[in-house]
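Please walk through this structure with me, one site at a time. Keep the sequence and the 3D view open together.

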Amino acid sequence: MALIKVEDLTLGYDSHPIVEGLNFSVNSGDYLCIVGENGSGKTTLMKTLLGLQSPLSGEIQFDSSLKKNAIGYLPQQTLVQRDFPASVAEIVLSGCQGKCKMRPFYSKEEKELAEANMKKMSVYELKNRCYRELSGGQQQRVLLARALCATGDILLLDEPVAGLDPKVTSEMYKLIEDLNEEGITIIMISHDLSAATKYASHILHISRGIYFGTKEEYLQSELGSLFLKELKGGEEQI
């Protein structure tokens, strides 16, 4: 079942297109990785999917079961956000704001959901700690728990392992893989093509060309092969 269908989408700012002719779909249970060069429009696409920005042209269709304000989102963190002076429990519970609508308080069910997601992400014992005192990996787990409070259907993740050390990066990828295996649909921006081709079911490549397909098809495609060679060449020069 297609949760999201994108047709002939053009993205940009002030009538200046960044990327044109995007066509892809995301089905329930997919693990889609969005890859490509810096500035190619990956984060702009994610903001557009979230309704934070309007496309220049084209259409995004959401399945009737999927509400845009019920999509879990883990953005790239700024330095200011990493220093946010709130408790872990407060941040995770804030993921339920979309469910509150006009209510000025959280319900018992929402508090229980936040508690369950803190336990799922192994941060429950940190619930009274100040968020800014946590390590980068702990902060990302907290933000994942917050995103899970918004939805049980689909998560949008923008570079969720940026700045993390290799061990914590591996743990984060495993957490995301487990969530996908539980049935949560994943859309993730990543610069880590090796991880993308390991974990993803589908790849959307936005760059000098556009490619959408399964990861197996992507690895056999001309664009995928070229991009992999360029990445390997860059690693050899370092």
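Start at T185, which is found in strand 7, residues 185-189. The model is a predicted one. T185 has 0% relative accessibility, so T185 counts as buried. What is T185 in contact with, leaving aside its neighbours within four places in sequence? The list runs L3, then V26, N27, S28, G29 and D30, then D153, I154 and L155, and lastly N180.

Is V19 buried or exposed? V19 counts as buried, because its relative accessibility is 6% and the cut-off for buried is under 20%. Leave out residues up to four places away in sequence, and V19 touches L9, T10, L11, S40, I206 and I210. Now look from V19 to A150. The two are 131 residues apart in sequence, and their C-alpha atoms are 29 Å apart in space.

The loop between strand 1 (2-13) and strand 2 holds S15. Most residues other than glycine have a negative phi. S15 has a positive phi, near 65 degrees, and is a residue other than glycine. At 67% relative accessibility, S15 counts as exposed, because the cut-off for exposed is over 50%.

E159 also has a positive phi, near 50 degrees, in a residue other than glycine. Where does E159 lie? E159 lies in the loop between strand 6 (154-158) and helix 7 (166-181). Its relative accessibility is 11%, so E159 counts as buried.

Now the helices. Helix 5 covers residues 108-120 and helix 6 covers residues 136-150. The two pack at an angle of about 140 degrees, and their axes are 9 Å apart.

C149 leads on to the cysteines. A disulfide is a covalent bond between the sulfur atoms of two cysteines. How many disulfides does the model have? The count comes to zero. C96 is in no disulfide, and the nearest cysteine sulfur to it, that of C149, is 4.1 Å away. The cut-off is within 2.5 Å. C96 is buried, with a relative accessible area of 0%. C33 is buried too, with a relative accessible area of 0%.

Finish at L219, which lies in helix 9, residues 215-220. L219 has 33% relative accessibility, so L219 counts as partly exposed. Not counting residues up to four places away in sequence, L219 touches T197, S225 and L228. L219 and S135 are 84 residues apart along the chain. Their C-alpha atoms are separated by 35 Å.

Notes. Residues numbered from 1 in each chain as written. Predicted model: local features only at pLDDT ≥ 70, side-chain atom pairs only at ≥ 80, totals over all residues. Heavy atoms only, no water. Helix = DSSP H or I, 4+ residues; strand = E, 2+ residues; numbered from the N terminus. Buried < 20%, exposed > 50% of the residue type's maximum accessible area, 1.4 Å probe, protein only. Contact = heavy atoms within 4.5 Å. Axes fitted to C-alpha atoms, helices over the stretch in contact; angles between N-to-C directions.
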